[in-house]
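I opened this model to look up a few residues and elements, and I am keeping my entries here in the order in which I checked them.

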Amino acid sequence: MNQPTPDVPEEAELAEDEAPACVMVFNASDPSGAGGLAADAVTVASVGGHALTVATGAYARDSARIFDHFALDEEAVAEQARAVLEDIEVDVIKVGFVGTPENVSTIAEIAADYEDIPLVAYMPDLSWWAEDDIEAYLDAFRELLLPQTTLLVGNHSTLWRWLLPDWSHTRSPTPRDIAKAAAETGVPYTLVTGVPLPEQFVENVLVSPQAVLGSGKFELFDAVFSGAGDTLSAALAALLANGKDLGEATSEALHYLDRCLDAGFRPGMGNVLPDRMFWAQGDPDDDEHDEDDEIDPAVADPERQALEGFVMPPRDTQH
């Protein structure tokens, strides 16, 4: 017998504008907590969002390396996502590693049905995987999902080898070269991380095909980390979901990642993991900021602008 629904006092109802922004995440389960859905959920919550986690498979891994991956079939992925999308308003979609070309195709179809929702795509290093699997996955991602992508995030080396496989110049491709290659599939913005600089520094660059929009220089940590890319892309997605413009969200996400790495910890015998809840430790130095780590425009480059004021454009879905 159905019971009547009790009345909820008006003062107990949560105002809509007080609810956290919702980020739908497509990613694999990672039992080590280094990356995957665990990293996404904690990161999104840490920067003030609510993660709607769609499992696409599971890793067999520890804190040092990935041994294998077991993919869910595309029907399971689609049913998870569509059940949530029909119930909850999603502000941003984030796509990590989804395991198979079939899952890539399914997510691309879902994204096309919700083309007003910005999509942040992160491409991790797949060197642990079989070469044939890598090639099929990257081809599907490029053909099917990049046309739905608003912002592509990835390491300089990873994006170079994927998007510019026939690069023949003696110099390495610039972030703009990579952004131009991504734009051929319809990607308007690319965040290229880990661009090598002299003296143990790297640069993270937000770029469009037309211009370098801003960059930040960071000193390399004396440690090997797992999960930095998922952390950065999830933070970016959550900050965009909370209404930050692209430049502001990128600046805050990069600074957040830097703090996570600075507070990183080694839970096992492998790599260091970002502490995505560093702020919960109550460190009295948490409010101190190193101005050298902030995101600043390069005044010498007339194409380079401050990381602010870039509103996420609506996706022009390509079929």
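**A buried histidine**

I placed H69 in strand 3, residues 66-71, with strands taken as DSSP runs of E of at least two residues and helices as runs of H or I of at least four, both numbered from the N terminus. Leaving aside neighbours within four places in sequence, I found H69 in contact (heavy atoms within 4.5 Å) with A28, G57, A58, Y59, F97, G99 and W128.

**Basis of the entries**

I am working from a predicted model, in which local features need pLDDT of at least 70 and side-chain atom pairs count only at pLDDT 80 or more, while totals for chains, interfaces and linings use all residues. Residues are numbered from 1 along each chain as its sequence is written, and side-chain values use heavy atoms, with hydrogens and water left out.

**The chain as a whole**

I noted eight helices and nine strands in the chain, and I saw that 50% of its 319 residues count as buried. Among contacts between residues at least 6 apart in sequence, 69% join residues at least 24 apart.

**Helix 6**

I then turned to helix 6, residues 175-183, which is mostly covered, with seven of its nine residues buried. I listed the buried ones as P175, R176, D177, I178, A179, A181 and A182, and I found that they pack against helix 4, helix 5 (156-163), strand 6 (151-155), strand 7 (189-197), strand 8 (201-207) and strand 9 (212-219).

**A charged patch**

I recorded a negative surface patch formed by E131, D132, D133, E135, D139 and E143; for such a patch, residues need over 30% relative accessible area and no salt bridge, and like charges are joined within 9 Å. A salt bridge here would be a side-chain nitrogen of Lys or Arg within 4 Å of a carboxyl oxygen of Asp or Glu. I checked D132 separately and found it in helix 4, residues 131-145, where D132 counts as exposed because its relative accessibility is 60%.

How values were computed. Patches are made of residues with over 30% relative accessible area and no salt bridge: like charges are joined within 9 Å, nonpolar side chains (Val, Leu, Ile, Met, Phe, Trp, Tyr) within 5 Å. Accessible areas come from the Shrake-Rupley method with a 1.4 Å probe; for residues, only the protein chains shown count as cover. Lys and Arg count as positive and Asp and Glu as negative; His and the chain ends are not counted. The place of a charge is taken as NZ of Lys, CZ of Arg, CG of Asp or CD of Glu. Buried means under 20% relative accessible area, exposed over 50%, partly exposed in between (1.4 Å probe, protein chains only).
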